[in-house]
Amino acid sequence: MVIPKISSATPSCTLDISRLSLPKHMKLADPSFHNPAKISMLLGAHVFFKIIKADKIKINDSAILQNSVYNCIVTGGLPTVDDKLHCFLLSEQEGLENLISKFWQLESIEDESLNLNSQTKFSEAHFVNNHRRDQTGHYIVQMAFLKEPSYLSESKQTAIRRLNSLLQKLEANPNLQLLYRNFIHE
């Protein structure tokens with residue numbers, strides 16, 4: 001899902017990294033992680049654990065340098081520059097509700113009956129009016145014709161010739177006849 005804004009700038013205030021001793025040889029995925037900035041991408045758990053590598057370095061009691069396919073990620077808690085306590089409130093509740101509503105509108109299945117072409121409507125109406133179930137529970141539906149069967153003219157003779165040709169092939173090859181019979185009885 002692509003949306004114009006994931007959240008407000010993160011972190012919400014500048015973090016104090018002056019006492020953080022980051023190894024010089026380690027490349028950071030985001031060298032300015034301590035400054036508030038726009039979030040570019042939010043990864044789901046199924047992707048997140050694929051990018052994390054095993055090696056990590058404990059920087060202090062609250063921060064860890066975690067290796068990933070995008071270089072190192074700083075995780076954990078860090079003090080802010082102004083050392084004030086912060087309380088956060090999601091103020092875009094209406095915006096979030098709208099996003100969720102739009103998501104479900106996109107995910108909902110449209111009423112298929114609105115998009116039916118004339119042949120599909122004809123077929124559905126024919127099924128409703130001409131079906132029944134036998135004692136085994138199978139549906140039996142009368143053959144539907146868009147045009148009168150007389151329109152078929154000589155096709156019955158062609159079908160009989162093809163059936164006779166198929167029967168001759170099956171008689172000549174008992175293995176093929178068995179496969180065909182099994183298939184037809186499925």
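Which residue in S2 is the bridge partner of lysine 58? The bridge partner of lysine 58 in S2 is isoleucine 64.

## Basis of the model

The model is predicted: local features need pLDDT of at least 70, side-chain atom pairs count only at pLDDT 80 or more, and totals for chains, interfaces and linings use all residues. Residues are numbered from 1 along each chain as its sequence is written, and side-chain values use heavy atoms, with hydrogens and water left out.

## The sheet

Three strands make up an open sheet in the order S1-S2-S3, with antiparallel pairing. S1 and S3 are the edge strands, each pairing on one side only. From one strand to the next the twist averages 30°. Strands (E, at least two residues) and helices (H or I, at least four) are DSSP runs numbered from the N terminus, and two strands pair if DSSP finds at least two bridges between them.

Strand S1 (residues 52-58) is joined to strand S2 (residues 63-68) by four bridges, and a hairpin of four residues connects S1 to S2. Between S2 and S3 there are six bridges, again in an antiparallel arrangement, and the hairpin here has two residues between the strands. Isoleucine 64, the partner of lysine 58, also stands opposite threonine 75 in S3. Strands of a sheet pair through backbone hydrogen bonds, either parallel or antiparallel.

## Backbone geometry

Serine 68 stands opposite asparagine 71 in S3. Asparagine 71 has a positive phi of about 85°, although it is not a glycine. In the segment before H1 lies proline 11; the peptide bond to proline 11 from threonine 10 is cis, with omega near -5°.

## Helix H3

Helix H3 (residues 118-130) has 13 residues, which at 1.5 Å a residue should span 18 Å; the end C-alpha atoms are 18 Å apart, so the two values agree. The expected span is 1.5 Å times one less than the number of residues. At the start of H3, a side-chain oxygen of asparagine 117 comes to within 3.2 Å of the backbone nitrogen of glutamine 119.

## The largest pocket

The largest pocket has a volume of about 980 Å³. A pocket is an open set of points on a 1 Å grid over the protein atoms alone, where a 1.4 Å probe fits, with protein on both sides within 12 Å along at least five of seven lines; lining residues have an atom within 4 Å of a point. Grid points are joined across faces, edges and corners, and the volume is the space filled by probe spheres set on the points.

The lining has 28 residues, of which Asp30, Phe33, Ile39, Met41 and Ile73 lie nearest the centre of the pocket. Helix H1 (45-51) and strand S3 (71-76) each supply at least two lining residues, and S3 gives the largest share, five residues. The lining comprises 18 nonpolar, eight polar and two charged residues, where Ala, Val, Leu, Ile, Met, Phe, Trp, Tyr, Cys and Pro count as nonpolar, Asp, Glu, Lys and Arg as charged, and the others, Gly among them, as polar.

Terms used. A polar contact is a pair of N or O atoms within 3.5 Å; within protein, one must be able to donate a hydrogen and the other to accept it, and residues adjacent in sequence count only if both atoms are side-chain atoms. Axes are lines fitted to C-alpha atoms, for helices over the stretch in contact, and angles run from 0 to 180 degrees between N-to-C directions.
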